[in-house]
Amino acid sequence: MKYVKQTPGATPSRRAILKSGAVLVGSAAFGFMPALARAADPGPIKIGHLTPKTGFLGALGGYAVKGIQLQAEQINAAGGVLGRKIEVISEDSVNPQVASTTAQRLVEREKVVVLLGEINSASALAISQVAARNKVLYLNTGARSDTLRGKDCNRYTFHSDIPVTVLANSVGLALDRAGKVKGKKFYGLTADYLFGHDLARAVEKFVGAHGGTISGNALVATDVTDFSPYLLKIRQANPDMIACNLAGNQVTNFIKQYSEFGLKIPLAGFNLNVADAWAAGPGNLTGIWPTVWQYKLKTPASEAFVKAFQAKYHTQPENHAWVEYVSLKILAQTIAAAKSTHTDKLIAHLESGAKFDILKAREAHFRPWDHQLLQEAYTYTVMSPDQAKGPHDFLVLGDAVPSPGQPLEVLYPPKSDNMCHM
Amino acid sequence: MQLLFLLEQVVNGLVLGGYYVLVALGLSLIFSVGGVVNLAHGAFYAIGAYVSYDLMKYVGFGGSIVITPVVVGLLGILFERLLLRRFYTADPILGLLVTFSLAMVVEQAIRMIWGAAPLFLSMPASFKGSFALGSFLLSKYRLFILLVVLVLMTGVWLLLNKTPFGRVIRAGIQKPDMVAVLGIRLQPYLTAIVVLGVATAALAGVLFAPIAVVEPAMGTDIMTVAFVVVIIGGLGSFWGVVLAAVLVGVVRGVTIYFDSAAGEASMYVLMFLVLMFRPRGLLGKRIERFE
């Protein structure tokens, strides 16, 4: 069982395994730093990592664990941070309740200095409340809901993935450049929960501001597996384009059935994780989609990460592997710069506008007033079926948005729209 | 025009009914004959999809449609002999618990064997697309599924109603003691029914894999629909399952036409109404030992 040693409620043997693992890694590194080893040993810096390893986001969580482990390994191999090793404790946060209790346990019993992780927006909200209550830093890695950065923001929570507004704006700008927004009718297909509603709102705002209209919007329950009635409904409405605001398995199910029916109305999607794109597969997937990162990004740092990931796991990294990888990197850099693991000092450094290399062409930094990491985003399209080179190699990464001359701010929700008060 | 759109949803609902029959038929058979609600039914559906993913590389799509149900059916023998058999006469809650835990074990096992990431599985290109019947849009692949379901339905109906095997099964549903008095051991028949039930779930897995996401927890969502169909149709009734499946398909389609957000809820409202006015299900037989 791959993740058993990290599931909540496991027996002490789990801890024993983790400790022996840490000792193993530690002893390997002591060879390089005999002086430190002899000094009073404050123990490793513990990071509490929460991500869904089971349930409808479990596939993505699996990548997240791989990404963070790779980063921890690399940091420790290079001597750790402040002379101490990084120890990542990965726990399964199946749902918001479990996320909340696990986060609390990590803080109280494991004495983690930072909480990190998550994909599910509702779980991320629960963890950010635990963080605020305990005055511990929480770096939200994968949850994209706007309200986490808006109404529900707090001083202890930072966000390294892009919010839904950026998903909507990056695909929107690409469509607009191709003349596919002005005067066009969009029909929305929206996941019927917090994330989907947030996304649909952001898409409607973009389309409205660029001269298009939303002619209809169908809400889809998260457990829908059959999309045929929705496909007929869209065909009857006869829009110029379908705006796909679905999430998780919904997107894969929808794309497969859209392809099955062979609908002629083009598709623009505002959310598709790379793992879900692979699952939909060459020949089924069409349209244009947003992403925060993709394995085809041509920067030396990104290519090095992909190579290391492939060497360790024999598979391609997904965007959740990347976000966990760079988030732990940001954290390690922050601890090193603050020369402390004290929460207030870490927050001060993150809010200072410090630049972080996140394997992209431009460096990223956090906005102090909503704690959002400002960074480039991308769109991607799909090769024609005869060009596809394999089940993991049929996506075409577009140029970074915004274009090099423009400020990163243009993609993100402006302060005037944001209800965040810390 | 409006009426035509509505009618299109009705026709689509009928086709969808075939899809629901496939997932519900096996559940109903095992429920009716063994008296156990097999909450692991969805797990066998998932196993079907995953096994076909591997088989397809060697025997192609057509081959996997035939071989996968056989392979998973063999697993069904183990399932019945080692597990289910012990719970036919036990408290129903135990049967629920044991099959529920089996479903979780299977889900985790799939995660270990094939990984947590969803797999990509495609149908042959010739099945893609749809054709217009008048102004109705029909997916080619779904019509193919419907055809397979019709063949399967005919086969199962003939088996249950026109063969000595079926006579024993039908008698066993109503009066297991009387069957025993006549000197017939029901055990091998129960094994056969479980194998049949599990194999249909696997067949559903193979057929739906190209149009639905293939991931470890894929059985859970399908299980809910199958369960609703069985409840609406009623225990022990072959035609009950068929009627309920079609009804669920049509009601869901029509509801989505009027209010898309209520689509999934409509199934449960339908189930609620049926249970209120006909607790036995639409065509449910009166089974003395369950009362």
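**Close-up views of a predicted two-chain model**

**View 1. Strand β10 (residues 289-291) of chain A runs antiparallel to β13(A), joined by three bridges.** Helices (H or I, at least four residues) and strands (E, at least two) are DSSP runs, numbered from the N terminus. Two strands pair if DSSP finds at least two bridges between them. This is a predicted model: local features need pLDDT of at least 70, side-chain atom pairs count only at pLDDT 80 or more, and totals for chains, interfaces and linings use all residues. Residues are numbered from 1 along each chain as its sequence is written, while chains are lettered from A and ligands numbered from 1 in the order in which they are written. Pro290(A) has Thr379(A) of β13(A) as its bridge partner. Strand β13 of chain A spans residues 377-382, and five of its six residues are buried (20 or more other C-beta atoms within 10 Å of a residue's own, with C-beta atoms placed from the backbone). β13(A) is also joined to strand β14 (residues 395-401) of chain A, antiparallel, by five bridges. There, Ala377(A) is bridged to Val401(A) of β14(A).

**View 2. An open sheet of five parallel strands in chain A has the order β2-β1-β3-β4-β5.** Strands β2 (86-92) and β5 (157-159) of chain A are at the edges, each with a single partner strand, so one side of each has no neighbour in the sheet. On average, neighbouring strands are turned by 20° against each other, direction ignored. Axes are lines fitted to C-alpha atoms, for helices over the stretch in contact, and angles run from 0 to 180 degrees between N-to-C directions. Strand β1 (residues 45-51) and strand β3 (residues 114-117) of chain A run parallel and are joined by four bridges. His49(A) has Leu116(A) of β3(A) as its bridge partner.

**View 3. Helices α3(A) and α5(A) pack on this sheet.** α3(A) touches β1, β2 and β3 of chain A, and its direction makes about 170° with that of β2(A). Here, two residues are in contact if their C-beta atoms, placed from the backbone, lie within 7 Å. Helix α5 (residues 121-134) of chain A touches β1, β3, β4 (137-140) and β5 of chain A. The direction of α5(A) makes about 165° with that of β4(A). α3(A) has 20 residues and reaches 29 Å from its first C-alpha to its last. That is close to the 28 Å expected at 1.5 Å a residue, the expected span being 1.5 Å times one less than the number of residues. Of the 20 residues of α3(A), 16 are buried, so this helix is largely enclosed by the rest of the structure.

**View 4. β3(A) and β4(A) run parallel, joined by four bridges.** Val114(A) is bridged to Leu137(A) of β4(A). In a regular strand the side chains alternate between the two faces of the sheet. In β4(A), Leu137(A) and Leu139(A) point one way, and Tyr138(A) and Asn140(A) the other way. All four of these residues are buried.

**View 5. An open sheet of four parallel strands in chain A has the order β7-β6-β8-β9.** β7 and β9 (267-269) of chain A are the edge strands, each pairing on one side only. Neighbouring strands are turned by 25° against each other on average, direction ignored. Strand β8 (residues 241-245) of chain A pairs with β9(A) over three bridges, in the parallel sense. Ile242(A) has Leu267(A) of β9(A) as its bridge partner. Helix α8 (residues 194-209) of chain A packs on the sheet and touches β6 (185-191), β7 and β8 of chain A. The direction of α8(A) makes about 165° with that of β6(A). α9(A) also packs on the sheet, touching β6, β7 and β8 of chain A. The direction of α9(A) makes about 165° with that of β7(A).

**View 6. Chains A and B meet through 40 residues of chain A and 36 residues of chain B.** On the chain A side, α3 (58-77), β7 (213-220), α9 (228-237), α10 (249-261) and α11 (274-280) each give two or more residues. The largest share, eight residues, comes from α10(A). The chain A side divides into 16 nonpolar, 15 polar and nine charged residues. Ala, Val, Leu, Ile, Met, Phe, Trp, Tyr, Cys and Pro count as nonpolar, Asp, Glu, Lys and Arg as charged, and the others, Gly among them, as polar.

**View 7. In chain B, helix α2 (residues 41-83) crosses helix α7 (residues 187-208) at roughly 145°.** Their axes come within 7 Å. The contact of α2(B) with α7(B) holds 21 nonpolar, nine polar and two charged residues.

How values were computed: Buried ≥ 20, exposed ≤ 12 C-beta atoms within 10 Å, placed from the backbone.
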